[in-house]
Structure formats: C-alpha cells, structure tokens
Amino acid sequence: MNQVRVRFAPSPTGYLHVGGARTAIFNWLFARKHGGVFVLRIEDTDRERSSEEMIRYILDGLAWLGVDWDEGPIFQGARAETHRAYAHLLLEKGAAYRCFCTAGEAETLRARALEEKSHGAVRCGCRDLDAKEAERRSAAEPFALRFRTPADEEIAFEDGVYGSTSKRGADIEDFVLLRSDGSPTYHLSVVVDDAEMGITHVIRGQDHLSNTPKQILLYRAMGYEVPFFAHLPLLLAPNKGKLSKRKHGEIVSLTTYRDRGFLPEAFLNFLALLGWSPGDDREKLSRKELIRAFELAGVNKSNAIFNFREGDERAWTDPKALALNAEYINDLSPEALAKTAKPFLERAGLWRPEYEEGRADWFRRTAVLLRDRFQTLQDFAGRGRPWFTDDFPMEESAVRKNLEKNADALRGLLPEFAERLEGVEPFDAATVEGVSRAFWEEKGLKPGLVMNACRAAITGASAGPSMFEVFETIGRERSVRRIRKAAAAL
C-alpha cells in the first residue's frame with residue numbers, strides 16, 4: 001500500500017459541527033495509526049455563505065481537540081481554474097458534453113425520469129448533439145458541462161463500513177460538472193482535489209455514500225486510481241432525527257464544549273466512541289490508546305445517538321460526555337487543575353492574582369476539593385462561586401429546607417455556633433470538626449440541623465464537599481459572617 005493519505009474537508013458555511021469533528025477525528029486516528037498524512041482542505045466554494053469567521057472556528061476547534069494536520073489548510077475555492085481545466089479535458093475526451101437545457105427544462109427531465117422509475121437519471125437530447133453543432137451553439141448560448149454517464153456500466157465498490165455496494169450506470173444521471181456560469185460543482189471539485197492530493201482513503205459521512213458511484217466514474221474517466229471509501233454512520237438527535245445546526249444551535253457546535261469547560265482529551269474520547277468501538281468494554285482511552293485501537297472494522301453501521309434533553313439546561317448535552325469529562329477533570333494534577341480552571345474564573349470576574357502568588361496553595365487545595373462534584377471547568381465559576389466571592393446565588397430549596405424550616409431553633413443556634421467558630425484555633429477541618437461535635441452534644445442536637453443550615457448559609461447549596469473542609473477553605477472570617485447574615489435573615 002502507498003503511504004496512507006486522508007483528508008478532512010469541511011465547508012465554512014457554519015461552525016464546526018460535532019458530527020464533522022467526529023469525522024475529522026476518525027480520519028486523524030486512521031492517519032496516525034498507519035503513519036500516514038492528514039490533510040485539511042477547506043471547501044469554500046459557496047462564496048455567499050462561507051466566511052473568514054467560520055474558517056477560524058474550524059481551525060480553532062480542531063486545534064483545541066488536538067487534531068493536528070500535516071498539510072493545509074488548502075482552500076478549494078482557489079483551485080477553481082484547475083477544476084475547470086479537468087472538466088474541459090473530459091469534454092475533449094468525449095466523457096462530458098455541453099448541455100444547453102435551461103434550469104426549467106432540466107427539472108422537467110428529472111421529473112419525467114422519476115415518473116418512469118429511472119431514479120431521476122437525467123438524459124437530455126444535448127447528449128447526442130453533433131460535436132460541431134454543440135461547438136457552434138456554445139458561441140451564442142449559455143451551457144453547462146455534464147458528465148456522460150455510461151448507462152451500461154455497473155459501478156461496484158467495497159465500502160470500509162457498509163461492505164459491497166453497487167449501482168447501475170443507467171440509474172445515475174448525467175450530472176453537471178460545470179454550471180452555466182463556469183463554476184465547478186462539488187463532484188468535480190472533490191474528485192480533482194482528492195486525486196491531485198493523492199488521497200488514498202476517503203473517510204466521510206454516510207450521507208455521501210450515494211455520491212460515491214458518480215465520483216468513481218470521474219476517477220476512471222480522468223485516469224486516476226480510485227481511493228478506498230469508508231462511510232461513517234451519522235450522529236442523530238435523541239428523537240433519531242438529524243442533528244441540525246439551525247434547530248439544535250449551540251448543542252452541536254464544537255466550540256460550545258470548549259467554552260463550557262470540557263477538556264479536549266475528554267471530548268475527543270467521547271466523540272471517538274460515537275459509532276466506533278475499540279473491541280472491548282473500555283470507555284476511557286487516551287490519545288495513544290485510541291490511535292493503537294482504531295480500526296475501520298470497529299465502526300458501527302448503525303447511526304449513533306447524541307443524547308440531550310432539548311430545552312433542559314441541566315441536561316444540555318449527552319450525559320456520557322459530562323460523566324467522562326468529570327473523570328478527566330479528576331485525573332488532573334492539582335497544578336494542572338488550577339491552570340485549566342483559571343480562564344473560567346477570569347471570564348466570570350472571579351480570578352485574583354494572589355491565587356498564583358501568596359494563596360496559590362490555597363487555590364490548588366480548593367480546586368481539588370471542589371472538583372469531585374463538578375462535570376465541567378465552568379462549574380468552578382458556577383457552583384464553585386461561593387469560594388471566590390460573597391456574591392453568589394442561594395438555592396431556593398436549600399434555604400427553604402435547611403434554614404426556613406427550622407427558623408425558630410436556628411435564630412439562636414446559628415449566632416452561638418458562629419461565636420464558637422471565632423475562637424477555633426487553628427481554623428482547620430480537624431479542629432472545626434471537634435468544636436462542632438462538642439457543640440451538638442452540648443445542645444443535644446442532631447448534627448444535620450446546624451451543619452445543613454451552615455452549608456446553605458455559606459455555600460447557598462444543599463450538597464457539596466465535607467462541611468469541615470468547606471469551613472477550612474472558605475475561612476473563619478467569611479464563614480462566621482455568612483452564618484450571622486443567614487441568622488439575621490431568619
């Protein structure tokens with residue numbers, strides 16, 4: 001086999017979709033597994049809808065995932081003259097012909113073909129025009145270039161995922177290569193680029209499977225070796241409908257996961273397992289493990305489901321993705337955790353330079369304490385907010401259940417407990433625990449009455465890390481002040 005060369009060819013008409021990102025990952029894994037080359041090609045031929053902003057989103061998204069390319073980015077739009085040259089070469093060889101049909105006439109032919117159950121295989125009278133007559137008319141009339149599909153040919157190929165596939169030439173239309181304005185079509189451009197770039201394996205979405213017979217015909221007509229094709233199952237919404245940028249918005253945008261605090265290693269791992277299996281029960285694999293294990297044979301023919309509950313902010317994405325991200329966050333060293341959490345605190349206005357200087361040790365210990373219940377890095381600026389500022393929201397259920405329900409008892413108990421805390425020395429988890437237990441026993445209280453009230457008062461929540469660790473990391477001054485504030489509010 002020649003050196004493996006694969007490509008990822010997104011269109012910059014929108015942000016990088018999670019389905020597109022998964023296609024890029026599979027190509028990248030395949031190239032790395034076989035010591036091959038991963039080419040990035042931007043298919044920017046739709047000038048009206050393509051934008052520099054979307055190109056940047058694509059490049060930034062791939063870079064965030066760590067999906068590095070060996071060649072590119074190559075911009076398809078800059079190669080239009082090359083594409084046109086190949087179309088005219090096919091015309092000279094008799095593999096293409098000039099079509100003078102208007103758009104309306106072509107649509108009528110297509111409708112008639114469908115009625116005759118010939119699968120929409122458009123065959124117009126222009127196909128049989130004398131070459132000189134076509135040449136004469138081309139000087140005065142607009143025309144498109146169509147491929148002369150051999151009706152008596154069977155196009156068969158072995159797909160890397162779906163196996164043996166074939167289609168009769170009689171069921172394939174004489175598809176357009178150049179539009180009447182001279183612009184190349186997708187089929188022409190993609191085949192010319194893949195052929196000239198030496199792409200050996202075309203790994204792309206299943207929605208392109210029906211395009212493959214046309215493109216194989218083009219490879220043959222141009223005298224190029226046909227690459228190996230493998231079509232990937234689609235990513236579907238929970239209702240098994242198509243994931244849509246328009247309908248599902250940020251949920252399917254790769255940059256959403258970066259901005260909401262996913263670790264790139266975790267999201268790469270998650271996407272790689274949507275529609276592919278390493279052949280065992282492993283669900284957590286490093287980059288090196290994914291590369292070693294990746295085989296096209298492990299790709300499932302069935303479409304994969306990207307689970308989320310529409311309109312539910314608490315379940316805004318696939319729960320497996322969140323759970324896996326939580327595992328990766330928990331694997332970080334204290335130093336790495338502090339570094340990755342910093343940008344999210346900065347964005348929320350909660351970062352202080354002292355967290356890297358005088359209180360660096362405190363910040364690392366606090367980050368480690370908090371992460372056990374966090375699923376994303378954004379949680380540090382959300383549920384972790386009480387550790388970094390006195391301005392934080394109170395959960396209504398925590399206030400109602402742990403403060404207001406026992407208001408009569410807590411009005412006196414909380415100020416008294418706060419006074420006890422003021423005298424604790426040193427103010428660490430072990431010492432606070434001893435003082436707290438002595439207080440409960442002295443008052444004949446169940447521990448939960450005071451501790452749950454303190455949790456609500458200090459963190460605004462009804463659950464979280466050990467309260468004794470909370471006291472130590474929040475500190476004496478803030479803990480006492482918040483307890484007294486809560487008691488006064490009762």
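Q: How many nonpolar, polar and charged residues does the lining of the largest pocket have?
A: This is a predicted model, in which local features need pLDDT of at least 70 and side-chain atom pairs count only at pLDDT 80 or more, while totals for chains, interfaces and linings use all residues. Residues are numbered from 1 along each chain as its sequence is written, and side-chain values use heavy atoms, with hydrogens and water left out. Ala, Val, Leu, Ile, Met, Phe, Trp, Tyr, Cys and Pro count as nonpolar, Asp, Glu, Lys and Arg as charged, and the others, Gly among them, as polar. By class, the lining has 15 nonpolar, 17 polar and 13 charged residues.

Q: Which helix gives the most to the lining of the largest pocket?
A: Helices (H or I, at least four residues) and strands (E, at least two) are DSSP runs, numbered from the N terminus. Among the elements that each supply at least two lining residues are strand S1 (5-8), helix H3 (80-93) and helix H1 (18-33). With four residues, the one that gives the most is H1.

Q: How many disulfides does the count come to?
A: A disulfide is a pair of cysteine sulfur atoms within 2.5 Å. The sulfur of cysteine 126 is 3.8 Å from the closest cysteine sulfur, in cysteine 124, which is too far for a bond. By this rule the count comes to zero.

Q: Is cysteine 124 buried or exposed?
A: Buried means under 20% relative accessible area, exposed over 50% and partly exposed in between, with a 1.4 Å probe and protein chains only. Because its relative accessibility is 6%, cysteine 124 counts as buried.
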